[in-house]
Amino acid sequence: AREVCAKWNEFACEEHLWKDLCLKRWRSLETDKEAWKLIDKNVVIDAPHPWRKIYPTVSTRPQWPCRLQKTGRFICNLIAHQISGAPLGPSGLPHVLVVERRFNILHLQTFVLPDASVLYFEPETEDDRAGFNDFIEYLTKRTRAGLALEEQRRFIFIPPCDYTRTQVGYNGLSLLGVVQNAYPPLA
């Protein structure tokens, strides 16, 4: 489109256009600068045209809506963005994930498999933010990760911790997740 004429080129170079397109798919990019590193380490936020540069990756990353619950209690609606690992396939995520168990985050080193899919979670709407933040605070205060099960798949919800910083390279405050088909026993 930029090559049609000078006017189209000017329009297509407007950074606010690219920002709007990115935020339609990944709202947290506006407030969580650490998430940018998960998407593309080569895009520098303070460099010229960061939104235009990150859009191709943002627009092609798989994402799924899902409802997060503890046993018998609604927490929030989420959008899950896949940031690395094996593709989740056509089924993606279940529509509802119920966190039935929790375990100490110190066990993540032995529990998470190297080829696991890694997700970045954000609240679906602003109405979901309070429940989302409360869930992160709940896990953080107890140094726990949440676990949801579906047949052979395990969904691990990881609050900000040493594991997210050292193993994933994420220094932000959002909830990350891991999806894997099998897991080793806890040591």
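In the predicted model, the lining of the second largest pocket comprises, by class, six nonpolar, four polar and five charged residues. The volume of this second largest pocket is about 180 Å³, and among the 15 residues that line it, Asp32, Tyr120, Arg129, Leu173 and Ser174 are the closest to its centre. Strand 4 and helix 6 each supply at least two residues of this lining, and the greatest contribution comes from strand 4, with four residues.

When sorted by class, the lining of the largest pocket contains 13 nonpolar, five polar and two charged residues. At least two lining residues of the largest pocket are supplied by each of helix 3 (34-39), strand 2, helix 5 (108-111), helix 7 (162-168) and strand 7.

Several of the elements named above belong to a barrel, into which seven strands close in the order 1-2-4-7-6-5-3, with mixed pairing. On average, and with direction ignored, neighbouring strands of this sheet are turned by 40 degrees against each other. Strand 1 (residues 63-70) and strand 2 (residues 73-84) run antiparallel and are joined by eight bridges; within this pairing, proline 65 has isoleucine 79 in strand 2 as its bridge partner. Helix 6 (residues 129-141) packs on the sheet, where it touches strand 1, strand 2, strand 3 (96-104), strand 4 (117-123), strand 5 (144-150), strand 6 (153-158) and strand 7 (175-180), and the direction of helix 6 makes about 80 degrees with that of strand 2.

Isoleucine 136 is a residue of helix 6, and it counts as buried because its relative accessibility is 8%, whereas the cut-off for this class is under 20%. When residues up to four places away in sequence are not counted, isoleucine 136 touches Pro159, Pro160, Leu173, Ser174 and Leu175.

Notes:
Residues numbered from 1 in each chain as written. Predicted model: local features only at pLDDT ≥ 70, side-chain atom pairs only at ≥ 80, totals over all residues. Heavy atoms only, no water. Pairing = 2+ DSSP bridges. Axes fitted to C-alpha atoms, helices over the stretch in contact; angles between N-to-C directions. Contact = heavy atoms within 4.5 Å. Nonpolar A, V, L, I, M, F, W, Y, C, P; charged D, E, K, R; others polar. 1 Å grid on protein atoms, 1.4 Å probe; cavity = no way out; pocket = protein on both sides within 12 Å on 5 of 7 lines; lining within 4 Å. Points joined across faces, edges and corners; volume = space filled by probe spheres on them. Buried < 20%, exposed > 50% of the residue type's maximum accessible area, 1.4 Å probe, protein only.
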